[in-house]
Protein chains: 2
Amino acid sequence: MAKFTTIEGGVVAAKGFRCAGAHAGIKRKRNDVALIVSDVDAVAAGVFTQNVVRAHCVIANERRILGGVARAIVCNSGNANACNGEDGASDDARMASLVAERIGCNADHVLTASTGVIGVALPLDRIEKGIEATCASLQSANSDGAAEGIMTTDTYPKAFAVEVELSGGHTVRIGAIAKGSGMIAPNMATMLCFVTTDADIERDTLQAMLSRCSWYTFNSVSVDGDTSTNDSVLVLANGQAGNTKIASAASADGAAFETALYNVCLHLAKEIARDGEGATKLVEVVVRGVAPPGNLVRTWEANDKTLSPEQRASFARSVAKTVANSNLVKTALFGNDPNWGRILAAVGRSGVKFEPSAVEITLAGHKVYASGQPTKFNGYVVSEALKAKEVTIEIDLHQDGGEQATVWTCDFSYDYVKINAEYHT
Amino acid sequence: MAKFTTIEGGVVAAKGFRCAGAHAGIKRKRNDVALIVSDVDAVAAGVFTQNVVRAHCVIANERRILGGVARAIVCNSGNANACNGEDGASDDARMASLVAERIGCNADHVLTASTGVIGVALPLDRIEKGIEATCASLQSANSDGAAEGIMTTDTYPKAFAVEVELSGGHTVRIGAIAKGSGMIAPNMATMLCFVTTDADIERDTLQAMLSRCSWYTFNSVSVDGDTSTNDSVLVLANGQAGNTKIASAASADGAAFETALYNVCLHLAKEIARDGEGATKLVEVVVRGVAPPGNLVRTWEANDKTLSPEQRASFARSVAKTVANSNLVKTALFGNDPNWGRILAAVGRSGVKFEPSAVEITLAGHKVYASGQPTKFNGYVVSEALKAKEVTIEIDLHQDGGEQATVWTCDFSYDYVKINAEYHT
């Protein structure tokens, strides 16, 4: 395992990146525009929402990213620029060209992101002022202003950065900012993460690493089971570290870089779960002992004998995600209730076949269910353990093959309902 | 369409059935044991939870129902008799034999049902007293005591009955009681429905009708997306109406009977959604214009060219269920917020492919989204319309083939969290 060190600086920790945030007045008093600029052309990769309904920024970025090069990422919060007709597409292009004119680059080299209310025209006049303000205040000291500029219902800005040593004594840095924290709730959220690195890395290798890392981190987080129209993870690699170019994930440098990238994504993914709407704690769901298919089939895939490795991995994942998305499990966690029955019932409806009496469930380190019945656990003790700010649920199906998966979520409180019911479109 | 008339009497409306409820003191002050008895042997059919984790009553009933004959249904609330080890199986058998001894029948002709807390031993001494009390008070006047005996977090008892005229001037009656209203929440719920009829009907025909009717009614209801370990719908047909035996659903009498049975199930299914935990309103989600597969595939079934009609029907159903289970949609409905963006985003993650700009969304009779953008609807007017006790969401994908599906759910309020977080196991 490669060694990496946590450092300050967030999304501008890497060499040759500057950023800024500004208050454009789209919706509220906090910053609502963020800009990240690389001093030189960077290779760019991205992963995007799998929702059929996609915001204009997602549609445009998928095209832009094909070129493999970018100079900047511009983002507004308070308006998702989605489902608002054809004008939304030209508004998105206008956002990119406003930045391109000011920093002097091809408009297709500016990636865009929007998060907020769906179905409303983008207030371009305000965004133009916000872009001017950010261009005038770009700096490389810290991420704070930019991280605030992408927040919606997040309660705190999220940034992280690491440094990793590669061959030849070259040090590369990876930094990022991210936001959560519900689907589009309260009609404005979305998961966004912008990563910068000064590593010199081949574009397809970077894209493959980002896809893998996102699968095991951001795609393993669930706040409420809803998928936004705007979810995006973008990475810019500007090569300013002077390392030997990484051309393969299989090389020593490639492995070290991917481990560092994975840990940046993991840190921020867990921050997003921790800061989920109304959350009082971070919940980690670990599922073990799931047999590969053949022994085991999803009910509706019973006739499919040709599952890919990714589909196989998703058996343990299906179990973990079903538990992580169960309202009954999440409200019990909010109430510090060691309610293993709800967990077992959720496992039972996850579409995976298993023998109920073989299952073991461990809550916050206490085994509560085994051999087909509850253990003699002390309910008071387990309830006290569930009051921690980080709680792990471990579920072992004890099947041959032993595949496992981990996902992160949060508990489900009154404040989730408050945030999502009391806001009015 | 056959004519049927709503009548009084609930689960004892049909000839030759008696019932009673009693307070056995399992958990609380309301009745917690219910007994339904047919004067003569009845043909029996049932549908059960698809959860891999199943209560002892479900496992036993699946075996008992193979015989096709039953005399009685006994149910307790307050304890699910599930996931509590091997003793649970003998406790379930004991419940059946206690009834069998008293009414004089084969113990395998007594169907059992339990609903309540998971993982706790059944208090057989109390249940025995409850069974004695119900056996001593069987009557054919009304369902009230029995309907109360199966309730958990339900706020009111649910009963319904109809009368339908068949050939030769014979009138048959169908009555039922049911309960909701969460999965196992607050650690005690489950969907149960017990149907009685005096129709003379062939057993396999009855089972096929019950399976079909359940699919379009009980299986089309979702309160919180969680599936109980105890869900059961049971029907007893004792032939006391003296009609010509129904041996096919395709006959005129068969069609008339199935329509009546469907309407009994539909009525009670909607009652369960209306009385969902914390619900303030009944929500009907109607999805139209979904193309059959070939034009349209679920993402993870992309390679499956051999879908059955039932799987095909599930495309429109997938869309409807995804919307009906979205916490963001349901909290918006609680807040009377015409938040069509959350509905469209839920449709977009349902796994069905479609063109977003072709979609039309109508909320409580007001079209709010069409042609890829919001209509010029009056938010205040639509919000006022959403305050009704019954609200319909219509979603038209405008695809060829035009398949449709309807599901029922409820909104999502603070009280759902209260009920499920504040209760302690």
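Good morning. I begin with strand 3 of chain A, residues 33–48: 12 of its 16 residues are buried, so the strand is largely enclosed by the rest of the structure. A residue is called buried if 20 or more other C-beta atoms lie within 10 Å of its own, exposed if 12 or fewer do, and partly exposed in between, with C-beta atoms placed from the backbone. Helices (H or I, at least four residues) and strands (E, at least two) are DSSP runs, numbered from the N terminus.

A word on the source. This is a predicted model, in which local features need pLDDT of at least 70 and side-chain atom pairs count only at pLDDT 80 or more, while totals for chains, interfaces and linings use all residues. Residues are numbered from 1 along each chain as its sequence is written, and chains are lettered from A and ligands numbered from 1 in the order in which they are written.

Which strands pair with strand 3 of chain A? Two strands count as paired if DSSP finds at least two bridges between them. Strand 2 of chain A, residues 17–22, pairs with strand 3 in the antiparallel sense over six bridges, and here A:Phe17 stands opposite A:Ser38. Strand 4 of chain A, residues 69–79, also runs antiparallel to strand 3 and is joined to it by seven bridges; A:Val37 stands opposite A:Ala72. Strand 9 of chain A, residues 232–237, is antiparallel to strand 3 as well, with six bridges, and A:Gly46 stands opposite A:Leu234. As a general point, strands of a sheet pair through backbone hydrogen bonds, either parallel or antiparallel.

I turn to another sheet in chain A. Six strands form an open sheet with mixed pairing, in the order 13-12-11-14-10-15. Strand 13 (373–374) and strand 15 (403–410) of chain A stand at the edges with a single partner strand each, so one side of each is left without a neighbour in the sheet. Strand 13 is joined to strand 12 of chain A, residues 366–370, by two bridges, and the two run antiparallel. Within this pair, the bridge partner of A:Ala370 is A:Gln373.

Helix 6 of chain A, residues 252–274, packs on this sheet, touching strand 10 (282–290) and strand 15, and its direction makes about 50° with that of strand 15. Residues are in contact if their C-beta atoms, placed from the backbone, lie within 7 Å. Axes are lines fitted to C-alpha atoms, for helices over the stretch in contact, and angles run from 0 to 180 degrees between N-to-C directions. Helix 9 of chain A lies across strand 11 (360–363), strand 12, strand 13 and strand 14 (390–396), running at about 135° to strand 11.

Helix 9 of chain A, residues 340–348, also meets helix 8, residues 327–334: their axes come within 9 Å and cross at roughly 160°. That makes the two helices of chain A roughly antiparallel; angles under 35 degrees count as roughly parallel, over 145 as roughly antiparallel, 65 to 115 as roughly perpendicular and the rest as oblique. The crossing of helix 8 and helix 9 of chain A is left-handed, a term used if the near helix is turned anticlockwise from the far one by less than a right angle, with clockwise giving right-handed. A:Leu328, A:Val329 and A:Ala332 of helix 8 meet A:Arg342, A:Ile343 and A:Ala346 of helix 9. By type, the residues of this contact comprise five nonpolar, no polar and one charged. Here Ala, Val, Leu, Ile, Met, Phe, Trp, Tyr, Cys and Pro count as nonpolar, Asp, Glu, Lys and Arg as charged, and the others, Gly among them, as polar.

Finally, chain B. Its open sheet of six strands has the order 13-12-11-14-10-15, with mixed pairing. Strand 11 (residues 360–363) and strand 12 (residues 366–370) of chain B pair in the antiparallel sense over three bridges, and B:Ile361 has B:Tyr369 as its bridge partner.

Two loop residues of chain B remain. Are they buried or partly exposed? B:Asn336, in the loop between helix 8 and helix 9 of chain B, has a phi near 55°, a positive value in a residue other than glycine. B:Asn336 is buried, with 21 other C-beta atoms within 10 Å. B:His398 lies in the loop between strand 14 and strand 15 of chain B, and has a positive phi of about 55° although it is not a glycine. B:His398 is partly exposed, with 16 other C-beta atoms within 10 Å.

Note on methods. Two residues are in contact if their C-beta atoms, placed from the backbone, lie within 7 Å.
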